[in-house]
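Q: I'd like to learn how to read the features of a model like this one. Could you walk me through it, one feature at a time?

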Amino acid sequence: MPPTLGQNQYGKAETRVVRVTREGPVHHVRDLNVSVALSGDLAAVHLAGSNAAVLPTDTMKNTVYAFAREHGIASPEAFGERLARHFVDTQPAIHRARVRIAEYAWDRVPTPGEGAHSFVRAGGETRTAQVTCDDTGVRTLGGLTGLTVMNTTDSEFRGFVRDRFTTLPEADDRLLATDVTAVWRYAAAPEDWDATHARVRGRLLGAFAGTYSRSLQQTLFAMGTAVIENVPQIDEIRLSLPNKHHFLVDLEPFGMSNAGPDGAVYIAADRPYGLIEATVLRDGAPSLIPVDLTAP
Ligand SMILES: O=c1[nH]c(=O)c2[nH]c(=O)[nH]c2[nH]1
């Protein structure tokens, strides 16, 4: 007897969708990882090579993005219900749709002024320290990694070099997100290490949120400068900032626009990513932080 087909399902896993909703200067963010699995009358695709009942997984991904634009993401539960019902209601061969959603939570970074478009990811951050003692003395590095931040406006990237391989369009208003890794060198021990760490972190966040960005490089320098100028015990800071690219989804093929004052839907890409790294030094201070300390 030939083998028989047992339980089977198929779908698109881990569609990363970021929905930004704009209410004037106040922006709201929902950031989901959506996995769809469909099952039903799908024997023919496995046994006879017939795709007649197969909705492409690519379409499932597109549906996630289109629904995020059309209906918004009020909650993961409501969004998941809408999607699951859609696949069962519109596909005669599909009798069961399972939608799994992981939501990444973002807290607001308070900023002066009426704009509210800066966010920091809750959790995932690690504080780091490295102390070296030799016959020249003690050298202490403070740091942090995994501080994930995002601005949903006030970021552009234009006027860059174009050669025959350049396809990147100029961006007037893009989403800027990064996972901050920072290492800083204490020239003098502060009275309170914890308070100083908190101060550095606050300055990094404040500069990220408060800088109108023409590039992540420029934002990096603003962040480093804010630390050097406001924390006298620190002479040097090295920052490693992956550019966590968020691409506007092309919804034109579905007759939908993905631009407008009300917000947009983005693909959160994980790799490859730009990696912007630099050291910012107090004037005249030596550069002593090893370059590879922040490298992946
Ligand atoms: O802020 C940026 N800096 C770059 O150097 C760069 N390169 C790129 O493709 N996008 C960006 N964004």
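A: Gladly, and we can begin with residue classes: Ala, Val, Leu, Ile, Met, Phe, Trp, Tyr, Cys and Pro count as nonpolar, Asp, Glu, Lys and Arg as charged, and the others, Gly among them, as polar. By that scheme the shell around the ligand holds three nonpolar, four polar and no charged residues. Keep in mind that this is a predicted model, where local features need pLDDT of at least 70, side-chain atom pairs count only at pLDDT 80 or more, and totals for chains, interfaces and linings use all residues. Residues are numbered from 1 along each chain as its sequence is written.

Q: Which residues are around the ligand?
A: A residue is near a molecule if its C-beta atom, placed from the backbone, lies within 6 Å of it. Here the residues around the ligand are Phe157, Leu168, Ser215, Leu216, Gln217, Asn243 and Gly274. Of these, Gln217 sits in helix α5; helices (H or I, at least four residues) and strands (E, at least two) are DSSP runs, numbered from the N terminus.

Q: What does UniProt list for "binding site"?
A: UniProt positions are given in the numbering used here, with shortened feature names, and annotations may be inferred rather than shown by experiment. An unreviewed UniProt entry lists Thr57, Asp58, Phe157, Arg174, Gln217 and Asn243 under "binding site". They span 187 residues of sequence and are also spread in space, up to 37.1 Å between C-alpha atoms.

Q: Where does UniProt place the "active site"?
A: The unreviewed UniProt entry puts that feature at Lys12, Thr57 and His245. These are spread over 234 residues of sequence and also in space, up to 22.8 Å between C-alpha atoms. Lys12 belongs to the segment before β1, while Thr57 is part of helix α2.

Q: How do I read the packing of two helices?
A: Two packed helices are described by the angle between their axes and the distance between the axes. Axes are lines fitted to C-alpha atoms, for helices over the stretch in contact, and angles run from 0 to 180 degrees between N-to-C directions. For helix α2 (residues 57-71) and helix α3 (residues 76-90), the axes come within 11 Å and cross at roughly 125°. That makes α2 oblique to α3, since angles under 35 degrees count as roughly parallel, over 145 as roughly antiparallel, 65 to 115 as roughly perpendicular and the rest as oblique.

Q: Which residues of α2 and α3 meet?
A: Two residues are in contact if their C-beta atoms, placed from the backbone, lie within 7 Å. Thr63, Val64, Phe67 and His71 of α2 meet Arg82, Leu83 and His86 of α3. By class, this contact has three nonpolar, three polar and one charged.

Q: At what angle do α4 and α5 pack?
A: Helix α4 (residues 193-210) and helix α5 (residues 216-230) pack at about 140°, with axes 8 Å apart. On the α4 side, Val200, Arg203, Leu204, Gly206, Ala207 and Phe208 meet Thr219, Ala222, Met223, Ala226, Val227 and Asn230 of α5. That contact divides into eight nonpolar, three polar and one charged residues.
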